Amino acid sequence: MLCDNCKERPASVIFTQEGMGGSAERHLCEKCAFQTQVFHFDPSQEPLSIQQFLSHWFSGSESIQPFQQSRDSMPDGPICPDCKLTFRKFLDIGKFGCPTCYDTFRGQLPRVFSKLHNGHTTHVGKIPDSFNERFALKKKVEEIRSKMQEAIEMERFEDAAALRDEANALKERLAECGNGGDGSDVN
Amino acid sequence: MSINKFMKGAVTGWMTSHGEHSDIVMSTRIRLARNLRGFRFPIAFTADEAEKVDSQVSAALLTSDEKGYAYMKMSELPGLERQVLIEKHLVSPQLTDVKRHGAVILSEDETLSIMLNEEDHIRIQCIYPGFQLENAYDHADSVDNYLENKLPYAFDEDFGYLTSCPSNTGTGMRASVMMHLPALTITKQIERIIPAIARLGMIVRGSYGEGSEAPGNIYQVSNQTTLGKPEKEILSDLKNVALRLIAHERRSRELLLSKSRVALENKLFRSLGIISYARLLPSGEAARCLSDVRLGIDLGIIEDVDMSILNELMIFMQPGFLQQYAEADLTAEERDIFRADLFRERLRSEQQTNENNKEN
């Protein structure tokens with residue numbers, strides 16, 4: 001029997017579709033079956049099942065093995081200091097645990113994104129207006145804060161107080177240019 | 001509850017039928033996924049972090065100049081009301097899981113909904129009636145700009161907006177167009193079109209039901225990738241694909257009319273008969289008939305029925321709304337009875353309006 005869709009290749013996959021008027025069978029070749037899978041979606045899942053997609057990551061052909069043996073011996077990869085997600089666990093669940101994961105897995109991510117986003121690995125769209133200015137200010141605050149620590153350790157308390165005032169002033173400017181959070185706590 | 005009173009309270013902005021190409025495009029949706037720096041994503045965060053994210057974002061929004069925002073915490077909302085929000089597409093089923101600290105902020109006309117602590121900390125969603133990609137994006141973008149100025153977003157120079165799922169990283173934007181494509185479905189062309197569109201980096205899927213069928217012949221077309229293309233380009237690519245689908249659907253409608261007018265009229269009027277007189281109306285049959293009636297209206301075959309009937313009744317025929325209409329819990333069979341009641345009443349109220357208009 002030929003594939004219902006392309007009518008060229010032999011049909012090797014049978015789909016049963018539950019329709020309004022009962023169920024109907026469709027005979028498809030492997031190629032067409034793969035393509036129509038986009039359409040056979042489970043609404044609770046992502047359009048493209050990231051988990052399934054990424055779970056075949058680590059070891060290429062090995063991952064076809066039905067059970068965990070090979071996966072257990074796999075390295076965990078880098079571990080995120082903030083949420084404790086390992087790279088391997090990330091591939092298993094298909095989700096990042098926190099923004100820091102992106103830093104932790106930075107080296108591995110271009111390959112992941114390239115697969116998910118049609119070969120693209122870097123963002124070229126909208127950038128938050130305040131991002132550039134805020135980024136520079138934050139850097140400055142961090143710098144001052146480490147100088148302040150130094151001053152405290154050296155018992156140069158007057159210097160430390162001056163540095164604290166400077167940092168607080170910058171913090172205010174940070175708030176003005178749009179940082180409502182308390183991420184730059186210098187006290 | 002009387003049908004008019006019920007509809008008044010239930011019809012939401014995007015269900016009306018206007019906007020460009022509103023005979024084929026039912027609605028346009030833009031969703032932006034955003035997260036705050038300094039908090040883990042909902043998949044990994046603590047109740048305390050959830051609370052902080054919630055209070056920071058809602059404080060920023062509820063103190064804005066925009067009036068009429070309503071805040072709703074999922075865990076404080078009765079189950080039926082959560083169900084109705086899902087059926088109106090204002091929140092996702094995932095958000096309503098009461099264990100997960102979800103909340104939503106809605107604009108007064110419900111075109112804007114901001115989900116808090118869904119998969120990401122913030123999901124800005126705008127739904128507009130008809131084909132309005134630019135307008136819907138501009139609206140979402142302005143809310144995004146406002147929030148960005150109040151809150152520290154998780155953003156990376158290389159990867160853009162950081163999201164919990166790597167499939168949203170970059171712009172964090174999903175744009176989708178909901179289309180009624182009965183002629184492409186009847187002529188089975190849709191089966192060939194879907195794989196072709198997938199190759200263009202877009203996704204087509206049935207939008208209401210589960211499985212492969214598209215109840216009511218309603219399909220959702222959306223962008224698949226979010227990284228490596230600016231927002232405007234994603235929007236214009238999607239727009240081009242949608243415009244081609246619209247043109248294709250129109251041609252197929254003309255073809256159907258010219259080749260088999262009587263058979264088509266017969267099919268469409270029979271469907272109008274079913275929803276006008278049935279006493280038991282299962283959801284599958286209801287969706288099929290609604291699609292037919294809407295096609296009849298679009299083609300000028302069926303007169304005196306408003307075209308918003310498809311948008312509205314596809315939503316109201318769902319279990320949550322039916323139970324709200326009935327003001328009672330309903331079993332599946334009772335729902336079929338109430339669905340039939342609701343449809344008959346809706347069509348009767350239409351008739352009355354028309355008669356009144358004629359008298360005046």
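**Contacts, strands, cores and confidence**

Trainee: Which residues does Met179(B) touch, not counting residues up to four places away in sequence?

Mentor: In this predicted model, Met179(B) touches Ile24(B), Val25(B), Asn217(B), Ile218(B), Tyr219(B), Val221(B), Ala242(B), Leu245(B) and Ile246(B).

Trainee: Which residues have the most contacts inside the largest nonpolar core?

Mentor: They are Ile30(B), Ile124(B), Leu147(B) and Met179(B), and the core itself has 54 residues. Helix H7 (residues 231-277) of chain B gives the largest share of this core, seven residues. Another core lies apart from it, with 40 residues, including Met26(B), Ile275(B), Leu295(B) and Met317(B).

Trainee: Which strands are joined to E8(B) by bridges?

Mentor: Strand E1 (residues 25-34) of chain B is joined to E8(B) by seven bridges, and the two run antiparallel. In that pairing, Arg31(B) has Arg174(B) as its bridge partner. Strand E10 (residues 218-223) of chain B also runs antiparallel to E8(B), with five bridges between them. Here Ser176(B) has Ser222(B) as its bridge partner.

Trainee: Why does Gly130(B) count as buried?

Mentor: One compares the relative accessibility with the cut-off, and buried means under 20%. Gly130(B) counts as buried because its relative accessibility is 1%. Gly130(B) belongs to the loop between strand E5 (122-129) and helix H4 (133-150) of chain B. Its C-alpha atom is separated by 19 Å from that of Ala287(B), a residue 157 places away along the chain.

Trainee: In chain A, where is confidence lowest and where is it highest?

Mentor: Confidence is lowest in helix H3 (residues 69-72) of chain A, with a mean of 46, and highest in helix H5 (residues 99-104) of chain A, at 96. Over residues 37-48 of chain A the pLDDT is below 50, and the model gives this stretch 27 contacts beyond near neighbours in sequence. Residues 59-71 of chain A also stay under 50, with eight contacts beyond four places in sequence.

Trainee: What is the mean pLDDT of chain A?

Mentor: The mean is 73, and 61% of the residues of chain A reach 70 or more.

Conventions:
Residues are numbered from 1 along each chain as its sequence is written. Chains are lettered from A and ligands numbered from 1 in the order in which they are written. This is a predicted model: local features need pLDDT of at least 70, side-chain atom pairs count only at pLDDT 80 or more; totals for chains, interfaces and linings use all residues. Side-chain values use heavy atoms; hydrogens and water are left out. Helices (H or I, at least four residues) and strands (E, at least two) are DSSP runs, numbered from the N terminus. Buried means under 20% relative accessible area, exposed over 50%, partly exposed in between (1.4 Å probe, protein chains only). pLDDT is the predictor's confidence in each residue, from 0 to 100. Contact means heavy atoms within 4.5 Å. Two strands pair if DSSP finds at least two bridges between them. A nonpolar core is a set of buried Ala, Val, Leu, Ile, Met, Phe, Trp, Tyr and Cys residues joined through side-chain atoms within 4.5 Å.
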